[in-house]
Amino acid sequence: MEINDMKICNETVDVLRNFSTINPSIAFSEGSVLRTISEQKNILAQATVAESFPRDFAVYELNTLLGFISLFEDPDIAFNDSHLTIDDVNSRTGNFTYTDANMITTPPEKNIDVSSAEVSFVLSEDDYKDVVKAAHQLQLPEIVVAGDGKQIKLIASDMKNTSSNVFSCIVGNTDANFNMIFRTENLRFMNGEYNVSISSKGVGHFKNANCELEYWVATEADSSYGA
């Protein structure tokens, strides 16, 4: 059975491309909420998008689907029982087959509770981009949110190498001491300003300040709070 044609806006495509860097597969749920989780289950992401998807379905290679859709001009997408049907104004048409949702890693039903997070600050788009860029350019494996009892710093570093290169910026104030450590490769956010909450229980929550987009990222085992 075919369910209504739908167009997907560029903003939603951007979200899906970002989600494909977290997990190459995704299970769509009926409605406007998109969710994904990394295969290691250390990154969870959720976005509310403009479209309302009419049914549940799963895609094994999300980038392949996005590339396929890009071949069409102003495409309309119909949701069949076993596949998508895509056509456009140039009379091009194509089918894309769903995968079995049991074949992919899917998110838990509930998001992670960070209401008791001890660390919070606002992360500007520039600070986020610059620290991640520095970490990649200097090949630094960790990005640390560090508190020294006065300031909160975002630091690109190699925690196992005391003589490594370092890049840091001040992102807030604190009266606590902590080192909340994230793997650089796990900070795969879309650009933007984020409200950040980090719990000593092992998770950071990054909520976009301007749209319904959020990420939960596990901290590393050698993170510390109050030490």
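Predicted model: local features only at pLDDT ≥ 70, side-chain atom pairs only at ≥ 80, totals over all residues.
Five bridges join S4 to S16 (residues 213-218), and the two strands run antiparallel. On the sequence, S4 covers residues 43-53. Eight of its 11 residues are buried, so S4 is largely enclosed by the rest of the structure.

S4 is also joined to strand S3 (residues 31-37), by six bridges and in antiparallel fashion. Within S4, Ala45 stands opposite Thr36. S3 and S4 form a hairpin with five residues between them, and Lys41 in the turn has a positive phi of about 60°.

**The six-stranded sheet**

These strands belong to an open sheet of six strands, ordered S3-S4-S16-S15-S14-S9, with antiparallel pairing. S3 and S9 (119-123) stand at the edges, each with a single partner strand, so one side of each is left without a neighbour in the sheet. Direction ignored, neighbouring strands of this sheet are turned by 20° against each other on average. Strands of a sheet pair through backbone hydrogen bonds, either parallel or antiparallel.

| Strands | Bridges | Direction |
|---|---|---|
| S3 (residues 31-37) and S4 | six bridges | antiparallel |
| S4 and S16 (residues 213-218) | five bridges | antiparallel |

**Aromatic pairs**

A pair of aromatic rings is described by the distance of the centres and the angle of the planes. With ring centres within 6.5 Å as the criterion, the count comes to 15 aromatic pairs. One of them is formed by Phe28 and Phe53, whose ring centres are 5.0 Å apart and whose planes stand at 50°, so the pair is tilted. Because Phe28 lies in strand S2 (residues 26-28) and Phe53 in S4, this pair ties together parts that are 25 residues apart in sequence. Phe28 counts as buried at 4% relative accessibility, and Phe53 counts as buried at 1%.

Phe178 and Tyr225 have ring centres 5.8 Å apart and planes at 15°, so this pair is stacked. Phe178 lies in strand S13 (residues 177-183) and Tyr225 in strand S17 (residues 224-225); the pair therefore ties together parts that are 47 residues apart in sequence. With a relative accessibility of 4%, Phe178 counts as buried, whereas Tyr225, at 35%, counts as partly exposed. One aromatic cluster is formed by Tyr128, Phe182, Phe189, Tyr194, Phe206 and Tyr215.

**The chain as a whole**

The chain contains three helices and 17 strands. Its C-alpha atoms fill a box of roughly 60 × 35 × 30 Å, taken along the principal axes. Of the 227 residues in the chain, 45% are buried. Among contacts between residues at least 6 apart in sequence, 57% join residues at least 24 apart. The chain exposes about 11,700 Å², of which carbon and sulfur atoms supply 44%.

How values were computed
Residues numbered from 1 in each chain as written. Heavy atoms only, no water. Phe/Tyr/Trp six-rings, centres within 6.5 Å; stacked < 30°, edge-to-face > 60°. Helix = DSSP H or I, 4+ residues; strand = E, 2+ residues; numbered from the N terminus. Buried < 20%, exposed > 50% of the residue type's maximum accessible area, 1.4 Å probe, protein only. Pairing = 2+ DSSP bridges. Axes fitted to C-alpha atoms, helices over the stretch in contact; angles between N-to-C directions. Contact = heavy atoms within 4.5 Å. Areas by Shrake-Rupley, 256 points an atom, 1.4 Å probe, with all protein chains shown as cover.
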